[in-house]
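Let us walk through this model step by step.

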Amino acid sequence: VCVQSCHGRPYFAYAAGKTDEKYEKSSFLAVKDMVREAIVDKFDVPVHGGTIRIADLGCSAGPNTFYTMQTIVDAVLLKLKKQTSCDQVDAVEFQGFFNDQFGNDFNLLLNSIPSDRTYCVAAVPGSFYSRLFPRASIHCFNSSMSLHWLSKCPDGVANKGRILYFGSGPDVLNAYLAQFRLDMIAFLSARAEELLTGGLLILQFLCRPKCMAPNAARYDITISFVEPILREFVIEGKVKEEELDSFQIPLFAPSIEEFKEVVEMNGCFTVHVAEHVNQGWGLKGGGDEGTEADLEQLAQSNGVKNNMQNSKF
């Protein structure tokens with residue numbers, strides 16, 4: 001997991017996790033050592049004082065984002081201490097930018113800022129699929145468990161009885177893949193403008209293992225169990241069938257190869273490291289596959305069922 005600048009072209013690296021936002025912190029823990037190693041080995045840290053600017057894209061309302069930010073800051077400080085004097089280390093300051101959509105609860109985020117942090121804080125609302133910062137202004141970008149969320153669902157997709165593309169036909173799959181490509185190209189183009197030469201871009205998001213078909217049904221993502229719950233609502237008459245048909249979740253989990261293709265299409269970055277980090281289930285079963293107890297626990301979750309019914313329908 002590392003990004004380094006070479007001849008003006010930032011190198012790109014990412015870790016892709018098979019999990020969901022519930023396990024965001026554990027997902028970052030899985031790549032924590034990789035991130036530290038990348039920063040220590042590859043990051044071109046300014047050694048003559050000044051401010052090092054780090055941005056977390058898709059930060060949500062905390063507290064995981066603060067843990068991630070401090071981990072990156074500590075790794076940069078570790079490298080500085082290895083290559084500079086104590087006076088030069090003391091002259092360096094850190095600015096942490098926390099980005100998410102305008103509807104994010106930034107009040108909750110800013111009210112929970114750790115008192116022992118070693119960086120200044122600023123909130124940056126807006127979509128990371130567009131420009132957020134001035135040109136060549138950010139030293140390091142991080143995004144954990146966010147980039148599998150598309151900017152929108154594909155237009156004109158007929159996905160009857162389903163809320164995700166998993167298990168759907170090739171037309172639905174191709175529409176979601178096309179939307180993913182458009183969004184990721186926009187994301188990479190914006191970051192290429194904002195990232196300083198020698199900076200890092202660290203991304204972690206849902207991906208699809210090589211052994212899994214592109215449109216295979218997914219039982220390792222908790223949101224997948226919302227779909228059968230909604231079908232039950234239709235049977236019970238609590239939700240109209242046309243309401244279910246019109247409800248789509250803008251999520252796409254690419255393979256590593258599909259992601260690399262988009263990077264090549266964009267032309268602004270070169271993949272340096274790409275790894276699949278398997279987080280397992282995080283429930284009773286563990287490992288790559290869930291047990292029947294896992295399926296029952298998720299599918300019969302009254303909390304999920306009631307929240308979906310009350311908030312969306």
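**Confidence, charges and rings**

This is a predicted model. The mean pLDDT of the chain is 79, and 77% of its residues reach 70 or more. Confidence is lowest in strand β1 (residues 5-6), where the mean is 41. It is highest in strand β5 (residues 120-125), at 96.

Two stretches need care. Over residues 1-9 the pLDDT stays under 50, and the model has 41 contacts there beyond four places in sequence. Over residues 14-23 the pLDDT is also below 50. Where pLDDT is low, the predicted coordinates should not be read in detail.

Now turn to the charged side chains. How many salt bridges are there? The count comes to eleven. One of them joins R135 and E193, with 2.9 Å from N to O. R135 lies in the loop between β5 and β6 (138-144), while E193 lies in helix α5 (residues 170-194), so the bridge ties together parts that are 58 residues apart in sequence. Is R135 buried or exposed? R135 is exposed, because its relative accessible area is 60% and the cut-off for exposed is over 50%. E193 has 35% relative accessibility, so it counts as partly exposed.

Helix α5 takes part in another bridge. E261 pairs with R181, and their closest N and O atoms are 3.5 Å apart. E261 sits in helix α8 (residues 256-266) and R181 in helix α5, so this pair ties together parts that are 80 residues apart in sequence. Both ends are partly exposed: E261 has a relative accessibility of 37%, and R181 has a relative accessible area of 29%.

A further bridge links K238 and E236, at 3.2 Å from N to O. K238 is partly exposed, with a relative accessible area of 42%. E236 is partly exposed as well, at 38%. Salt bridges with shared partners also join R131, R191 and E194 into one network.

Next come the rings themselves. The count of aromatic pairs comes to eleven. Take F180 and F252. Their ring centres are 5.3 Å apart and their planes stand at 35°, so the pair is tilted. F180 lies in helix α5 and F252 in the loop between α7 (241-246) and α8, so the pair ties together parts that are 72 residues apart in sequence. Both F180 and F252 are buried.

A second tilted pair is F205 with F259. Here the ring centres are 5.4 Å apart, and the planes meet at 50°, so the pair is tilted. This pair links distant parts of the chain: F205 is in strand β7 (residues 195-206) and F259 in helix α8, 54 residues apart. Why does F259 count as buried? Its relative accessibility is 0%, and buried means under 20%. F205 is buried too, with a relative accessible area of 1%.

One group of rings remains. Y165, F166, Y176, F180 and F252 form one aromatic cluster. The tilted pair of F180 and F252 thus belongs to this cluster.

Definitions and conventions
Residues are numbered from 1 along each chain as its sequence is written. Side-chain values use heavy atoms; hydrogens and water are left out. pLDDT is the predictor's confidence in each residue, from 0 to 100. Helices (H or I, at least four residues) and strands (E, at least two) are DSSP runs, numbered from the N terminus. Contact means heavy atoms within 4.5 Å. A salt bridge is a side-chain nitrogen of Lys or Arg within 4 Å of a carboxyl oxygen of Asp or Glu. Buried means under 20% relative accessible area, exposed over 50%, partly exposed in between (1.4 Å probe, protein chains only). Rings of Phe, Tyr and Trp (its six-membered ring) pair if their centres lie within 6.5 Å; planes under 30 degrees apart count as stacked, over 60 as edge-to-face and the rest as tilted.
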